[in-house]
Amino acid sequence: MAVKWNTNLVNSIHSAAQDGIVDATDAVYEETLRLVLNTPKSGRIYKRGNRVHQASAPNESFANDTGNALRNTKKKEMKLVGEISADYEYALALELGTQKMAPRPTLGRALENKTKELPKIVSKPIQEILKR
Amino acid sequence: MIDLSVSIRKYLLTITGFTDIISDYNTSKAIFNFRPVPEDAQYPMSVVQPASGGGDNDFLNCFKRSIPYHVFVYNKNSEPYDLIKIDEAANLVARSFHRMDVTKLEQSGFKIVSVTASNPFPAPADDNETVARAITLNFEVKY
């Protein structure tokens, strides 16, 4: 008995899995942006010239001020791996806190909020291929 | 919400080598479960805080939750021995918690099934005059 390997199908599943990873990374990245930009903050209010900035309170996601943190929060997809990185000096201090500052967890919380959806997001493109 | 910080703090107070390193504060040790730490607290000190992550899972007839916590150890960075001291303290915490006998932890309204501890990793501090190490403790809790 000969077994015929369906190379086209295997390749399609590989590429669908990669699409799923891209979608999942996007979902976590968008959740990060939502937490920073669209969730209410209740920390101190600072006035800088004409601009008023409300900081985040302990344990809220950090508030966007100069845009530096968000500008340096980047997503990257490699072969079946999605990565969101915070490439700025005080990223770890915001995420974990220091002895004098309570944490402002953002990336961890974004991942936590999306954890249950991620398997569905990743498997959706694969299921579509298998249905054909 | 299941708050484990009090029972973690109480257990930390029983780890002899660890409490030898941590400085005194009031009538106890400088182990805090809040931040910012008090202004008059001395180094080396420790902070216990919940971490983000974790999640819910089902057991057969109850719920199980993974609850991560961080234990931070801070010290002044003035002499080389300062860093060795907190490395030692952090390693002691990790070794004491990793797969420990959970009955030694205070529990009410929930049951801790297991605890695992990560290796200590460098943690952020407020300035360059302070060094820090953190350990992630992952609690599996049945409730």
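**View 1. Helices H1 and H3 of chain B cross with their axes within 11 Å of each other.** In this predicted model, H1(B) covers residues 5-12, H3(B) covers residues 80-97, and the crossing angle is roughly 110 degrees. That makes the two helices roughly perpendicular, because angles of 65 to 115 degrees count as such. As for handedness, H1(B) goes past H3(B) in a right-handed crossing. Look for B:Ile8, B:Tyr11 and B:Leu12 on the H1(B) side of the contact, and for B:Val93, B:Ser96 and B:Phe97 on the H3(B) side.

**View 2. The largest pocket holds about 660 Å³ of space.** Its lining runs to 29 residues, and those nearest the centre are A:Glu112, B:Pro50, B:Ala51, B:Ser52 and B:Gly53. Which elements each supply at least two residues of this lining? From chain A they are helix H3 (91-96) and helix H4 (107-114); from chain B, strand E4 (45-50), strand E5 (55-58) and strand E6 (63-76). E6(B) is the top contributor, giving seven residues. Sort the lining by type and you get 13 nonpolar, 10 polar and six charged residues.

**View 3. The second largest pocket has a volume of about 470 Å³.** Here 22 residues form the lining, with A:His53, A:Ala55, A:Ser56, A:Ala63 and A:Leu94 closest to the centre. Strand E1 (45-48), helix H2 (68-71) and H3, all of chain A, each give two or more residues to the lining. This lining splits into 11 nonpolar, seven polar and four charged residues.

View 4. Where in chain B do you find B:Pro36? Check the loop between strand E3 (31-32) and E4. B:Pro44 is also found in the loop between E3 and E4 of chain B.

**View 5. A:Asn59 has a positive phi.** Most residues other than glycine have a negative phi. For A:Asn59, though, phi is near 70 degrees, a positive value in a non-glycine residue. To find A:Asn59, go to the loop of chain A between strand E2 (51-54) and H2.

Key: Residues are numbered from 1 along each chain as its sequence is written. Chains are lettered from A and ligands numbered from 1 in the order in which they are written. This is a predicted model: local features need pLDDT of at least 70, side-chain atom pairs count only at pLDDT 80 or more; totals for chains, interfaces and linings use all residues. Side-chain values use heavy atoms; hydrogens and water are left out. Axes are lines fitted to C-alpha atoms, for helices over the stretch in contact, and angles run from 0 to 180 degrees between N-to-C directions. Helices (H or I, at least four residues) and strands (E, at least two) are DSSP runs, numbered from the N terminus. Angles under 35 degrees count as roughly parallel, over 145 as roughly antiparallel, 65 to 115 as roughly perpendicular and the rest as oblique. A crossing is left-handed if the near helix is turned anticlockwise from the far one by less than a right angle, and right-handed if clockwise. Contact means heavy atoms within 4.5 Å. On a 1 Å grid over the protein atoms alone, a cavity is a set of points where a 1.4 Å probe fits but cannot get out, and a pocket is an open set with protein on both sides within 12 Å along at least five of seven lines; lining residues have an atom within 4 Å of a point. Grid points are joined across faces, edges and corners, and a volume is the space filled by probe spheres set on the points. Ala, Val, Leu, Ile, Met, Phe, Trp, Tyr, Cys and Pro count as nonpolar, Asp, Glu, Lys and Arg as charged, and the others, Gly among them, as polar.
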